Amino acid sequence: MLKDFFSKKKHASKPSEEAKQDIPEGLMLKCSDCGKIYYREEMRKQLYVCPNCGHHHQLPSDERINNLFDEGSFMEYDTDLNTGNPLGFPSYTQKLEKDQLKTGLKEAVVTGEGTINGFRTAYAVMDSRFRMASMGSVVGEKISRAIEKAREANIPFIIFTASGGARMQEGALSLMQMAKTSAAVQRFRDAGGLMISVMTNPTYGGVSASFASLGDYNFAEPGALIGFAGRRVVEETIREKLPDDFQTAEFLLAHGQLDDVINRHDMKKYLTTILDIHQAGGNVS
Amino acid sequence: MKQVLEFEKPVIALREKIAELKTFTKESDLDLTEEIVKLETRLEKLENDIYTNLKPWDRVQMARHAERPTTLDYVEKLFTDFLEFHGDRYYGDDAAIVAGIAKYKGRPVTIVGHQRGKTTKENIRRNFGMPHPEGFRKAARHMQQAAKFGRPIICFIDTKGAFPGRAAEERGQSEAIARNLMEMSGFEVPIICIVIGEGGSGGALALGVGDRLLMLENSTFSVISPEGAASILWKDGGKAKEAAEKLKITAPDLKELGVIDDIIPEIRGGAHRDLTSQAELVDQAIAEHLSQLEKLDKQVLLEQRWEKYSNIGSFAE
């Protein structure tokens with residue numbers, strides 16, 4: 001009985017221990033991997049890569065764009081596309097509004113163009129803070145249009161992917177965005193366009209199984225989880241425990257599915273080199 | 001033992017009753033003809049009521065019916081000189097997808113389709129029609145060949161989805177699907193895709209990009225299974241029936257949404273009732289659409305295909 005009392009107390013004290021580490025929203029950030037706590041501003045400067053363990057946290061789309069493109073060089077395409085509720089799916093509109101309020105974004109992808117160390121490039125950056133960056137009509141349409149614009153302007157196209165998969169609330173319309181975006185990639189390819197895909201955490205389902213895998217070069221950020229089916233579904237299907245590193249960027253690299261894994265801090269330089277090599281020889285004029 | 005679907009139990013019961021009376025009439029002196037005729041009229045009315053008012057969930061059951069005709073059933077009825085070819089040349093041969101060449105009314109075609117089994121044993125061999133990357137790559141290889149030799153491609157879609165297994169992930173399930181979507185959008189030959197049973201998600205779409213996407217009246221085409229959607233959205237797989245309605249996965253709904261081009265009617269009671277009659281309806285649809293597509297110049301064909309896909313989606317601007 002006495003033992004019970006102590007063990008209960010011990011258990012009860014655990015949350016309060018965590019509560020101490022509970023940090024005021026906005027000021028501090030705790031690394032989800034190593035547990036170290038940093039000032040948010042410090043983490044932001046580090047592009048949300050943990051200075052201690054190197055874990056790559058979610059990077060908001062605007063910060064990625066700001067960091068990658070030359071100052072003042074970039075603009076946004078198709079800012080006026082609005083998601084509807086084509087199937088009349090219950091509570092879909094409310095969920096969208098909630099995420100719009102939370103993120104200040106209209107949808108889960110930002111597209112546009114700018115220069116990276118002087119190289120003019122079209123871009124699409126998906127933002128998993130918005131409905132897990134699932135792909136609905138607007139996401140598919142914006143990406144498809146950005147690829148078409150890159151084709152017309154004869155400039156490279158770089159996409160940073162992140163997605164939980166299809167936007168279920170848009171049913172088959174969501175599924176068909178896989179076909180639409182892939183068809184746009186085919187047209188871009190036929191025109192000799194350069195496409196680079198950088199997969200960030202997480203890239204799954206319909207996004208992984210369409211444009212994310214269709215770059216001339218496919219990269220990923222360290223530790224990013226990438227796959228067609230989610231880990232839980234796979235485990236339930238094969239009734240087998242999967243290795244810890246299953247579907248990580250490093251796992252995919254080892255299985256021949258990626259060209260390389262690139263640290264966020266090296267990204268701009270790395271992409272610049274590719275753009276430079278292609279300008280020297282490829283179809284980029 | 002024939003599989004009986006929940007909603008058609010009254011029909012089956014009545015049909016059995018009629019058969020019973022007929023046997024009885026034959027074997028005894030009692031003439032029950034009048035009674036039989038009455039029941040047959042009732043059956044006619046009942047069938048009409050039930051089969052013309054199928055709910056999405058009824059159609060899901062129909063699309064999954066164990067005896068529903070599969071790709072190879074239609075291939076046997078609709079084509080001549082079919083030769084099945086195997087393997088993706090990289091890893092193995094996936095029995096969940098069949099592919100080969102044949103003649104359709106005299107013209108050469110390439111055929112690709114998901115293949116599920118009708119018995120447990122067959123289903124295990126075919127992995128329930130759920131492909132691994134090597135299946136999609138086998139399909140790609142045959143479609144590339146079709147494009148090279150200028151043969152139209154006919155795809156039959158019948159899968160719950162791409163197989164969500166460890167090996168499939170390791171060998172690049174995503175890439176295999178993505179590549180098919182991309183390449184199919186660019187092959188310079190007519191492509192007709194027909195959903196004959198279940199059309200589940202990316203694994204279905206990987207054989208589904210072309211000039212025409214047709215659906216059998218009682219087939220389904222969906223981004224996720226109703227059970228999957230219910231468990232994710234409402235944490236309750238039991239709400240599958242509700243999800244089936246909300247997701248708009250039936251042929252009439254998808255025609256209205258502009259996702260598919262046409263509906264192939266099914267014989268009353270579903271395709272499994274009579275393969276020969278059903279195959280004739282599929283035949284008519286292929287003949288009609290193929291003759292339209294064959295007239296088109298390659299460039300026009302590709303332009304129209306792109307237009308079709310670039311217009312799918314719903315948003316305000």
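**Cavities and their surroundings**

Mentor: A search of the whole structure, which is a predicted model, finds 2 cavities of 30 Å³ or more. As a general point, rolling a probe the size of a water molecule over the atoms shows where empty space is left.

The largest cavity has a volume of about 150 Å³. Its lining consists of 16 residues, and those nearest its centre are Ile226(A), Leu252(A), Gln257(A), Gly172(B) and Ser174(B). The most is given by H8(B), with 3 residues. Sorted by class, the lining of the largest cavity has 9 polar, 5 nonpolar and 2 charged residues.

The second largest cavity has a volume of about 60 Å³. The residues that line this cavity are Leu47(A), Leu59(A), Glu63(A), Arg64(A), Asn67(A), Leu68(A), Phe160(A), Arg264(A) and Met267(A). Helix H3 (residues 61-68) of chain A gives the most to this lining, with 4 residues. By class, the lining of the second largest cavity divides into 5 nonpolar, 3 charged and 1 polar.

The lining of the second largest pocket has 4 charged, 3 polar and 3 nonpolar residues.

In an unreviewed entry, UniProt lists residues 31-53 of chain A as "zinc finger region: C4-type". In the model, the end C-alpha atoms of residues 31-53 of chain A lie 9 Å apart, and the span is 26% helix and 13% strand.

Within H4(A), the residues Tyr92(A), Leu96(A), Asp99(A) and Thr103(A) are buried. These residues lie on the same side of H4(A) because they cover an arc of only 70 degrees around the axis. The face of H4(A) turned away from that buried side carries Gln94(A), Lys98(A) and Leu101(A), which are exposed.

Some backbone details remain. Most residues other than glycine have a negative phi, and most peptide bonds are trans. The peptide bond from Asn201(A) to Pro202(A) is cis, with omega near -15 degrees, and Pro202(A) has its place in strand S8 (residues 195-204) of chain A.

In chain B, Asp81(B) has a phi near 55 degrees, a positive value in a residue other than glycine. Asp81(B) lies in strand S1 (residues 80-85) of chain B and is exposed, with a relative accessible area of 55%. Lys248(B) also has a positive phi, near 55 degrees, and is a residue other than glycine. Its place is the loop between helix H11 (240-246) and helix H12 (251-256) of chain B, where Lys248(B) is partly exposed, with a relative accessible area of 25%.

How values were computed: Residues are numbered from 1 along each chain as its sequence is written. Chains are lettered from A and ligands numbered from 1 in the order in which they are written. This is a predicted model: local features need pLDDT of at least 70, side-chain atom pairs count only at pLDDT 80 or more; totals for chains, interfaces and linings use all residues. Side-chain values use heavy atoms; hydrogens and water are left out. UniProt positions are given in the numbering used here, feature names are shortened, and annotations may be inferred rather than shown by experiment. Helices (H or I, at least four residues) and strands (E, at least two) are DSSP runs, numbered from the N terminus. On a 1 Å grid over the protein atoms alone, a cavity is a set of points where a 1.4 Å probe fits but cannot get out, and a pocket is an open set with protein on both sides within 12 Å along at least five of seven lines; lining residues have an atom within 4 Å of a point. Grid points are joined across faces, edges and corners, and a volume is the space filled by probe spheres set on the points. Ala, Val, Leu, Ile, Met, Phe, Trp, Tyr, Cys and Pro count as nonpolar, Asp, Glu, Lys and Arg as charged, and the others, Gly among them, as polar. Buried means under 20% relative accessible area, exposed over 50%, partly exposed in between (1.4 Å probe, protein chains only). The arc is that of the directions from the helix axis to the C-beta atoms.
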